[in-house]
Amino acid sequence: MKISREQVQHVAELARLDIRETDLDRFARDLGDILEHAESLGRVDTTDVFPTSHAVEICNAFREDAVAGHLERKDALENAPESEQGSFTVPRVIE
Amino acid sequence: MKQSDLCGLSIHGAQNLLCGREISAAELTEAVLEQIRAKEDDIGAFITVTEEIARRQAQQADEALKSGKAGPLAGIPIAVKDLICTKGVTTTCASRMLADFVPPYDATVMEKLNSSGAVMVGKLNMDEFAMGSSTENSAFKPTRNPWDISRIPGGSSGGSAAAVAADMCLGALGSDTGGSIRQPASHCGVVGVKPTYGRVSRFGLVAFASSLDQIGPLAGDVEDAAIMLSVIAGHDPRDSTSADRPVQDYHSCLSDDITGMTFGIPAEYIGAEGMDPGVRGAFERAAETLTAAGAKCVEISLPHTDQALAAYYLIAPAEASSNLARYDGVKYGFRSREAGGLKEMYNRTRSEGFGPEVKRRILLGTYALSAGYYDAYYKKASQIRTLIQRDFAAAFEKCDIVLSPTAPTPAFEIGEKIDDPMQMYLSDIFTLSANLAGIPGISVPCGFTQNNLPIGLQMMASHYAEDTLFKAAYAYEQAAGIKGRKPGPGNSQGL
């Protein structure tokens, strides 16, 4: 299956990745190879087959809506690349 | 016993010596740390060695052993794949993205290991975010196979398997999404278990593909793996997908009597292209060994085997692309310093922080989930997943255990498959169906190639039947009598 450089760029944009110009052909070829292999799925009749998203049957798992252990604010911010006044800092969003 | 011999002990062997006060946890821990110092330059199994923590925990274990209040793993040196959160100890996922991430909490399995008295000697190398079959995708360094250091140890839990094989710990934790415990166990000549989905809590396991990921043990023999799984298994309210079912003491399930047990050999696996003749020979001998021990081997069929690889390599990347969306440079992990605006910061952070295989899978997964392709790829793969589950359900009507080689080839050369993703993905061809079906699987050593490379035998059982799995694997191990061979000076290619 053929995947174009433009398709790679489009998917990369959706996934918030910048792909270097020099890597586009490589990724296009790799994705094409894998998707070509995936074409074999089309040969299987799956009419009326329910899709499985989970390996083991589990119904909804409920718990009491009660306050339990949680991270202290200081600990939650410990790994932040930047923080200020007890909050995560991000680059300016609105010009 | 000489200190240098202590690191070669099994977990059950060490337990006896520790409980009998013949050795101390401190002595055992020092022997293992010494072995890590001696071997690490050649093997590269560890990302972090936690000497200080190990010495402190060994001292606590010695006190507990003295007072008779010791837990089941008291004083046993264990190492942990570096995607399981360890409070206060860097957990990198072998990624630049998390190179400096210090978790503020312990994974549930770490709480369980700690309260069992285990001694943590370090965090182990892996493919970045567990994506790979060779441990070459680590952002930091490759790990080498102790049996032949020009070869890969398998992956993604390659550090875990290599560390156990080279006596750099007595047991290790890994994670298995498509074979990442069983395949490296096979390549390094150790035992590796992927439990039933939900058997072990995933709380604190860095997510790759949430419907497939499962934590499990790697150890020197089946008994050790059973001891470790009994400690880490169990329901956890913090993981709503964990199974609320009683956990057996797997250690007490072990028996060498498998008379009347039925092993099913899938015709589709045996006919698989690209199976190494050495692997095929060892597998056939293993089936004969089981028959001679009183079991029955029958041919079964898993009709959708051909589609399993394709289904897996759509479902796992789809889930990964969603899970890895969290790495945006805001709350934790790497942030690019180059960026001006918010969107540019996201893009640069992710482009600089992730390696090529992770990007490849994010792109593939995003594609499979994107508008216009969802039905043809992700939904179709999920329907095939249903058919694969039905295949196994039908198989377990006819047999107790599905038997196959763990991997189609022995360990390959470093660099051999790194430029060909499809070839690399084929390494998982016999293991990934268990993850799609959610069933437990184990890899047990079953022989060696002419080049002295280990070969693994895979057994798979139905959901929650780890007791049957351990019983069958233990009986095979006893009957085959190949336990105890180690990479050593006698092996010209290994260490």
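What follows is a chat about the two chains of this predicted model.

Trainee: Let's start with chain A. What secondary structure does chain A have?

Mentor: Three helices and two strands. Going from the N terminus, the order in chain A is α-α-α-β-β.

Trainee: And is chain A spread out or a compact globule?

Mentor: Spread out. Its radius of gyration is 23 Å, while the globule rule gives 12 Å for 95 residues, so chain A is more spread out than a compact globule. Along the principal axes, the C-alpha atoms of chain A fill a box of roughly 55 × 45 × 25 Å.

Trainee: Over to chain B on its own. How many helices and strands does chain B have?

Mentor: 17 helices and eleven strands.

Trainee: How are the eleven strands arranged?

Mentor: They form an open sheet with mixed pairing, in the order β1-β3-β2-β4-β6-β5-β10-β11-β9-β7-β8 of chain B. At the edges are β1 (46-49) and β8 (296-300) of chain B, each pairing on one side only. Neighbouring strands are turned by 30° against each other on average, ignoring direction.

Trainee: Pick a pair in there. In which sense do β4 and β6 of chain B pair?

Mentor: Antiparallel, with six bridges between β4 (residues 171-176) and β6 (residues 214-219) of chain B.

Trainee: Which strands does helix α6 of chain B lie across?

Mentor: α6 (residues 158-165) lies across β1, β2 (77-81), β3 (119-124), β4, β5 (191-194) and β6 of chain B, and runs at about 155° to β4(B).

Trainee: Now helix pairs. At what angle do α3 and α4 of chain B cross?

Mentor: Roughly 155°, with the axes of α3 (residues 25-43) and α4 (residues 51-67) of chain B coming within 8 Å. That's over the 145 cut-off, so α3(B) and α4(B) are roughly antiparallel to each other. The crossing is right-handed.

Trainee: Which residues of α3(B) meet α4(B)?

Mentor: Ala25(B), Ala26(B), Thr29(B) and Leu33(B); their partners in α4(B) include Ala54(B), Ala58(B) and Leu65(B). By class, this contact of α3(B) with α4(B) has seven nonpolar, two polar and three charged residues.

Trainee: And how do α10 and α17 of chain B pack?

Mentor: At an angle of about 100°, with the axes of α10 (residues 277-292) and α17 (residues 466-480) of chain B 10 Å apart. That makes α10(B) roughly perpendicular to α17(B). Ala286(B), Thr289(B) and Leu290(B) meet Tyr476(B), Ala479(B) and Ala480(B) there. The contact of α10(B) with α17(B) has five nonpolar residues, one polar and no charged.

Notes: Residues are numbered from 1 along each chain as its sequence is written. Chains are lettered from A and ligands numbered from 1 in the order in which they are written. This is a predicted model: local features need pLDDT of at least 70, side-chain atom pairs count only at pLDDT 80 or more; totals for chains, interfaces and linings use all residues. Axes are lines fitted to C-alpha atoms, for helices over the stretch in contact, and angles run from 0 to 180 degrees between N-to-C directions. Helices (H or I, at least four residues) and strands (E, at least two) are DSSP runs, numbered from the N terminus. Angles under 35 degrees count as roughly parallel, over 145 as roughly antiparallel, 65 to 115 as roughly perpendicular and the rest as oblique. A crossing is left-handed if the near helix is turned anticlockwise from the far one by less than a right angle, and right-handed if clockwise. Two residues are in contact if their C-beta atoms, placed from the backbone, lie within 7 Å. Ala, Val, Leu, Ile, Met, Phe, Trp, Tyr, Cys and Pro count as nonpolar, Asp, Glu, Lys and Arg as charged, and the others, Gly among them, as polar. Two strands pair if DSSP finds at least two bridges between them. The radius of gyration is taken over C-alpha atoms; the globule rule is 2.2 Å times the number of residues to the power 0.38.
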